[in-house]
Amino acid sequence: MFLPPSDWQAIAPLETLHLDWLTRAGVDVAILRLDQIDPLISGNKWFKLTEHLNAANRAGAEGIISLGGAHSNHLHALAAAGQRFGFKTVGLLRGHAQDTPTVIDLREFGMQLHWLGYGGYRARHEPGFWLPWQTQYPTLHAVPEGGGGLPGALGCVQLKSQVQQQLSALGWRDHDGWWLACGTGTTLAGLVLAEAGEHPVYGALAVPDDHGVAQQVETIVCEAGLAEPLYELFDASRGGFAKVDPLLLAFIQQTEQQSGVPLEPLYTGKALLALKQHIESGRFAPGSRLIFIHTGGLQGRRGFAVSQ
Ligand SMILES: *Cc1c(COP(=O)(O)O)cnc(C)c1O
């Protein structure tokens, strides 16, 4: 069995975010640093994995097989956890063999890699996809791309209590909502479940195709039986997933200088810039208090020379 030892806990620090545009607007933002839970096992991907790991343990599996791209934050967190906690990991990768900083780490963490090409990777949702892999690795538990689905969302429910335990240290009694970057919407769905309507959850979409995300969130929320989910999704993709532009890069640089918080351009940078734009258009009244989730992803930015 391979659960983390009881002395290893993923606690994300909650900090006040100091930025001139927040001060001007009179809006308080606290940032939940999922990038700081561990030097290697970083970001929302760890939380999305926890219930999948529990399921694997219950099934008596020896490890995990999953999929992702050559910069995948998900595979990175999975491989790092496998090495740390002593379970086997196999990664099925999109495209053809290449050495990105992420891929080099994966191998160093002991993950066994298979490159599926692009066509082979596209077949991942087809009914028979897992069969040959299950034959090859009968003792491994399969986890969907990015650690998604209801188990992925359930692993993120704990973020609410992590914030509640730290609010008073900031001098806050309550807050007015959550703001975070969305890819599949799994992390957002976990917060929506945790809140059950108490606080709204605002999702800044890093992918342009909002329809897929809304549907994915609805599916998870329905499956969990939550009647009145409270969330909103906004396009924050700036023209497409992984598209970066000079304004975004300048914003990230300025933010890092002012606040000391590192961001990457695909998710957290876009989500915070979208928050700035919404605040400047008067979306949140002075005195509002928001929790911004730093979903991590800093390992992935090594693959983007433009952000360094
Ligand atoms: C994967 C990822 C997200 C998106 O998470 P979802 O649960 O798929 O919405 C956001 N930020 C970072 C840094 C990520 O790696």
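Visitor: Which side chain does Arg 302 meet in a salt bridge?
Guide: This is a predicted model, so side-chain atom pairs count only at pLDDT 80 or more. A salt bridge needs a side-chain nitrogen of Lys or Arg within 4 Å of a carboxyl oxygen of Asp or Glu. For Arg 302 the N to O distance is 2.9 Å, and the partner is Asp 105.

Visitor: How many salt bridges are there between domain 1 and domain 2?
Guide: The domain assignment gives domain 1 as 14-39 + 151-303 and domain 2 as 44-147. Between domain 1 and domain 2, the count of salt bridges is two.

Visitor: Which helix gives the most to the side of domain 1 that touches domain 2?
Guide: Eight residue pairs are in polar contact between domain 1 and domain 2. On the side of domain 1 that touches domain 2, α7 (149-156), α8 (158-167) and α9 (186-195) each supply at least two residues. With five residues, the top contributor is α7.

Visitor: How many residues of that side of domain 1 are polar?
Guide: The side of domain 1 that touches domain 2 includes seven nonpolar residues and two charged ones. Its polar residues number 12.

Visitor: What area do domain 1 and domain 2 bury between them?
Guide: The C-alpha centres of domain 1 and domain 2 lie 26 Å apart. In contact are 21 residues of domain 1 and 16 residues of domain 2. Carbon and sulfur atoms carry 56% of the buried area, which comes to about 1500 Å².

Visitor: Turning to the whole structure, what kind of aromatic pair do Trp 8 and Phe 85 form?
Guide: A search of the whole structure finds 11 aromatic pairs. For Trp 8 and Phe 85, the rings are 5.2 Å apart centre to centre, with 65 degrees between the planes. Planes over 60 degrees apart count as edge-to-face, so this pair is edge-to-face.

Visitor: How many residues apart are Trp 8 and Phe 85?
Guide: Trp 8 sits in the segment before β1 (14-16), while Phe 85 belongs to helix α3 (residues 73-85). The pair links distant parts of the chain, with a separation of 77 residues.

Visitor: And which strands hold Arg 33 and Glu 15?
Guide: The whole structure has 14 salt bridges, and one of them joins the side chains of Arg 33 and Glu 15 at 3.1 Å, N to O. Side chains of opposite charge can pair when their charged atoms come close. These two residues are 18 apart in the chain, Arg 33 in strand β2 (residues 28-33) and Glu 15 in strand β1.

Conventions:
Residues are numbered from 1 along each chain as its sequence is written. This is a predicted model: local features need pLDDT of at least 70, side-chain atom pairs count only at pLDDT 80 or more; totals for chains, interfaces and linings use all residues. Side-chain values use heavy atoms; hydrogens and water are left out. Domain bounds come from an automatic or database domain assignment. Contact means heavy atoms within 4.5 Å. Buried area is the accessible area (1.4 Å probe) that two parts lose on being put together, summed over both. A polar contact is a pair of N or O atoms within 3.5 Å; within protein, one must be able to donate a hydrogen and the other to accept it, and residues adjacent in sequence count only if both atoms are side-chain atoms. Helices (H or I, at least four residues) and strands (E, at least two) are DSSP runs, numbered from the N terminus. Ala, Val, Leu, Ile, Met, Phe, Trp, Tyr, Cys and Pro count as nonpolar, Asp, Glu, Lys and Arg as charged, and the others, Gly among them, as polar. Rings of Phe, Tyr and Trp (its six-membered ring) pair if their centres lie within 6.5 Å; planes under 30 degrees apart count as stacked, over 60 as edge-to-face and the rest as tilted.
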